[in-house]
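Please look at the sequence and the 3D structure below before reading on. The report that follows moves from the whole chain to single side chains.

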Amino acid sequence: MSIINKYLFIILLLLGCQSSSYNWYSGTFEEAKLIAGSKLILLDFYTDTWPGCVQLDADTFSDVDVQSFSDNNFISVKMNANEKTIRKVFDDYNCRGVPHLLFVDNNGIEVDRIIGYLPAAEYLIRIKDIQNNKHTLGDYISQYENGYVT
């Protein structure tokens, strides 16, 4: 193997080993509503120092399956709950505590929420349910209105 091929192999190996990162939308919540279309918007209310928020970023949002599903189905917006303008949105949706993950449609209407930390596997199951309107408030209201009894 030539020296150039060895270096090329090493570079490709290193590039392949780099971890991917979660695709956070860099605009505002209002801008996210404009581009969401049929995708739900995930508002991740967090603080930099709360352990559950740090763990969610480190464990759950770093999972490639979570990243892939989220990228295909959500516009994800990080919302620092300590910032004054963000805090108003946090309060308007009656959020309490962080991490607080709020899923809304492009009109800002709440679909569901996750409060607290979930490991990647549990989180993925939950967000798939939310995307499919399964076990959401809307799902339960619909079941009630249709006379569904457990």
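In what order do the elements of the protein chain run from the N terminus on? They run α-α-β-α-α-β-α-β-β-α-α, and the secondary structure comes to seven helices and four strands, where helices (H or I, at least four residues) and strands (E, at least two) are DSSP runs numbered from the N terminus. This is a predicted model, in which local features need pLDDT of at least 70 and side-chain atom pairs count only at pLDDT 80 or more, while totals for chains, interfaces and linings use all residues. Residues are numbered from 1 along each chain as its sequence is written, and side-chain values use heavy atoms, with hydrogens and water left out.

**The chain as a whole**

Of the 150 residues of the protein chain, 39% count as buried, a word that here means under 20% relative accessible area, with exposed meaning over 50% and partly exposed in between (1.4 Å probe, protein chains only). The accessible surface comes to about 9,400 Å², and 56% of this belongs to carbon and sulfur atoms; such areas come from the Shrake-Rupley method with a 1.4 Å probe, and for residues only the protein chains shown count as cover. Among the contacts with a separation of 6 or more, 63% are between residues 24 or more positions apart, where contact means heavy atoms within 4.5 Å.

**Helices H4 and H6**

Helix H4 covers residues 64-73, and Val66, Gln67, Phe69, Ser70 and Asn73 are buried in this helix. The cover over these buried residues includes strand E1 (40-46), helix H3 (51-60), strand E2 (74-80) and helix H6 (120-131). At the start of H4, a side-chain oxygen of aspartate 63 comes to within 3.0 Å of the backbone nitrogen of aspartate 65.

Helix H6 has buried residues too, namely Ala120, Tyr123, Leu124, Arg126, Ile127, Asp129 and Ile130, and what covers them includes E1, H3, H4, E2, strand E3 (100-104) and strand E4 (110-115). The twelve residues of H6 should span 16 Å at 1.5 Å a residue, which agrees with the 16 Å between its end C-alpha atoms; the expected span is 1.5 Å times one less than the number of residues. Just after H6, asparagine 133 takes a positive phi of about 55 degrees.

**Aromatic rings**

A pair of aromatic rings is described by the distance of the centres and the angle of the planes. Rings of Phe, Tyr and Trp (its six-membered ring) pair if their centres lie within 6.5 Å, and planes under 30 degrees apart count as stacked, over 60 as edge-to-face and the rest as tilted.

| Pair | Distance of centres | Angle of planes | Kind |
|---|---|---|---|
| Tyrosine 22 and tryptophan 24 | 4.3 Å | 35 degrees | tilted |
| Phenylalanine 61 and tyrosine 123 | 5.7 Å | 90 degrees | edge-to-face |

Phenylalanine 61 lies in the loop between H3 and H4 and tyrosine 123 in helix H6, so this pair ties together parts that are 62 residues apart in sequence. Both phenylalanine 61 and tyrosine 123 are buried. Tyrosine 22 counts as buried because its relative accessibility is 9%, whereas tryptophan 24, with a relative accessible area of 24%, is partly exposed. Tyr22, Trp24, Phe61 and Tyr123 form one aromatic cluster.

**Around the cluster**

Tryptophan 24 lies in the loop between helix H1 (3-17) and helix H2 (29-35). Leaving aside neighbours within four places in sequence, tryptophan 24 is in contact with Asp44, Asp57, Phe61, Ser76, Val77 and Lys78. Its C-alpha atom is separated by 5.7 Å from that of valine 77, although tryptophan 24 and valine 77 are 53 residues apart along the chain.

Which side chain does serine 76 join through a polar contact of 2.8 Å? The partner is tyrosine 22, a polar contact being a pair of N or O atoms within 3.5 Å (within protein, one must be able to donate a hydrogen and the other to accept it, and residues adjacent in sequence count only if both atoms are side-chain atoms). Serine 76 lies in strand E2 and counts as buried because its relative accessibility is 2%.

Serine 70, found in helix H4, also counts as buried, at 2% relative accessibility. Not counting residues up to four places away in sequence, serine 70 touches Tyr22 and Ile127.
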